[in-house]
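Colleague: I would like to learn how to read a few features off a model. Could you take them one at a time, with the general idea before the case?

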Amino acid sequence: MTATRLLLPARALQQPEWASLDELKDVLLSLEAKPPLVDHTACADLTTELGRAARGEAFVLQAGECAERFADANPETVLAKADQLHLLADEFTDAGGLPTVRMGRIAGQYAKPRSNPTETLSDGTVLPVYRGDAVNAPEPTPAARAALPSRLLLAYRNAGNTLSTLLERDLGLAGRTAAPQRTYAGHEALLLEYEQALVRPDADGGRYGSSGHFLWIGDRTRQPDHQHVQFAASVSNPVGVKIGPKASPEEVRTLVRMLGDRGRPGRLSLIVRMGREQIVPRLTALLRALGDEAAGVAWICDPMHGNTRTNGAGQKSRAVDDVMTEIEGFVSALHAHGLRPAGLMLETAHRPVTECVDTAAELASPTPLPHYESACDPRLSPRQARRVVARTAALL
């Protein structure tokens with residue numbers, strides 16, 4: 001089957017080459033007729049919560065998968081992930097004294113941007129890269145790596161199953177004895193056709209993205225004149241933008257003016273992912289350039305993506321010490337400008353994986369990390385995640 005490039009507007013990066021454009025059209029028509037996955041009132045409530053966090057009255061903890069798998073959309077696994085998120089949030093509140101807004105990287109994190117469109121196997125075979133379960137499968141075969149539009153329907157179904165389980169937990173119907181807390185769901189709004197097909201009317205006469213409560217734009221697709229940012233500007237959800245070390249102050253200022261709303265500080269979150277060495281100088285330069293406008297957004301730290309390294313065995317990994325160094329720099333830079341850190345975004349596992357190491361020195365080992373289960377990037381183990389959250393609470 002010959003791949004067909006999507007008929008997207010110009011400047012839409014990181015989009016798959018679907019196997020059949022005719023099938024894609026049928027799938028999108030089906031998605032347009034389906035009920036919304038999340039309610040617009042919950043999205044509005046999250047905007048309010050993020051506004052509180054921007055003012056230093058709360059703190060957002062977003063944790064969960066790098067790349068969700070469809071197979072994990074079962075009640076047992078979803079509840080285990082939710083329990084992990086709420087445990088981290090409870091520990092943060094107990095240590096830091098701030099109420100915690102609980103948001104998972106869940107119920108939609110089925111697509112991933114990639115550095116290269118293909119990968120070469122050890123035998124020289126070249127395959128399309130794995131782009132997340134909403135596009136293809138990770139197994140290294142031509143059939144598995146085909147970008148099948150039918151997977152978008154599976155993404156909708158599995159996201160719906162996950163959200164239903166989360167809602168049952170929040171309502172106290174999932175057999176949990178602790179007092180239930182609200183669980184918001186967020187993901188990267190990468191696949192534009194999927195996101196646009198799920199846009200629905202909101203209560204104020206506008207439109208919102210019903211695929212998730214919180215939608216963010218990645219560092220690879222945040223160009224102000226590109227389609228991902230224009231999509232984010234068209235919906236009323238709280239939205240985020242990943243800001244990497246190559247983002248210029250002029251670009252960030254433009255994004256704030258396109259996506260922000262001074263009357264709703266929770267409307268836009270800037271999710272900073274600079275890396276341990278560049279966080280202080282780069283973030284300081286951005287804050288100086290934004291001036292008073294910096295107070296109109298929620299500042300969230302993603303200390304994971306700027307600190308990815310390759311270990312001695314050739315695996316992607318991260319050192320917890322690097323992660324905590326970036327958080328420390330993030331907090332100090334904001335405090336120096338009279339701003340409060342609003343949140344933390346972590347890639348975490350609910351099982352004791354060994355994808356990340358504690359110190360950078362451990363990355364030199366040629367021995368492969370044994371319990372490496374991620375479909376894409378390395379995640380913190382529950383023990384490591386608790387260590388990072390405890391340190392963040394201490395800094396605040």
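Colleague: Is alanine 107 buried or exposed, and why?

Modeller: This is a predicted model. A residue counts as buried when its relative accessible area is under 20%. Alanine 107 has 1%, so it is buried.

Colleague: Where does alanine 107 sit in the chain?

Modeller: Alanine 107 belongs to the loop that joins strand E2 (100–105) to strand E3 (118–120).

Colleague: What is there to note about the phi of alanine 107?

Modeller: Most residues other than glycine have a negative phi. Alanine 107 has a positive value, near 65 degrees. Glutamine 14, also not a glycine, has a positive phi of about 65 degrees. Glutamine 14 is located in the segment that precedes helix H1 (21–32).

Colleague: Does glutamine 14 count as buried or exposed?

Modeller: The limit for buried is under 20%. Glutamine 14 has 18% relative accessibility and therefore counts as buried.

Colleague: Which residues does valine 135 touch, leaving out those up to four places away in sequence?

Modeller: A contact requires heavy atoms within 4.5 Å. With those residues left out, valine 135 touches Pro16, Trp18, Ala146, Ala147, Leu148, Arg151 and Leu191. Valine 135 lies in the loop between strand E4 (126–128) and helix H4 (142–145), and its relative accessible area of 1% makes it buried.

Colleague: How far is valine 135 from arginine 207 in space?

Modeller: The C-alpha atoms of valine 135 and arginine 207 are 26 Å apart, with a sequence separation of 72 residues.

Colleague: How does the radius of gyration of the whole protein read?

Modeller: For 396 residues, a compact globule would be near 21 Å; the protein has 20 Å, which agrees. The C-alpha trace spans about 60 × 55 × 50 Å along its principal axes.

Colleague: What percentage of the residues are buried?

Modeller: Of the 396 residues, 57% are buried. As for contacts between residues at least 6 apart in sequence, 75% join residues at least 24 apart.

Methods. Residues numbered from 1 in each chain as written. Predicted model: local features only at pLDDT ≥ 70, side-chain atom pairs only at ≥ 80, totals over all residues. Heavy atoms only, no water. Rg over C-alpha atoms; globule rule 2.2 N^0.38 Å. Buried < 20%, exposed > 50% of the residue type's maximum accessible area, 1.4 Å probe, protein only. Helix = DSSP H or I, 4+ residues; strand = E, 2+ residues; numbered from the N terminus.
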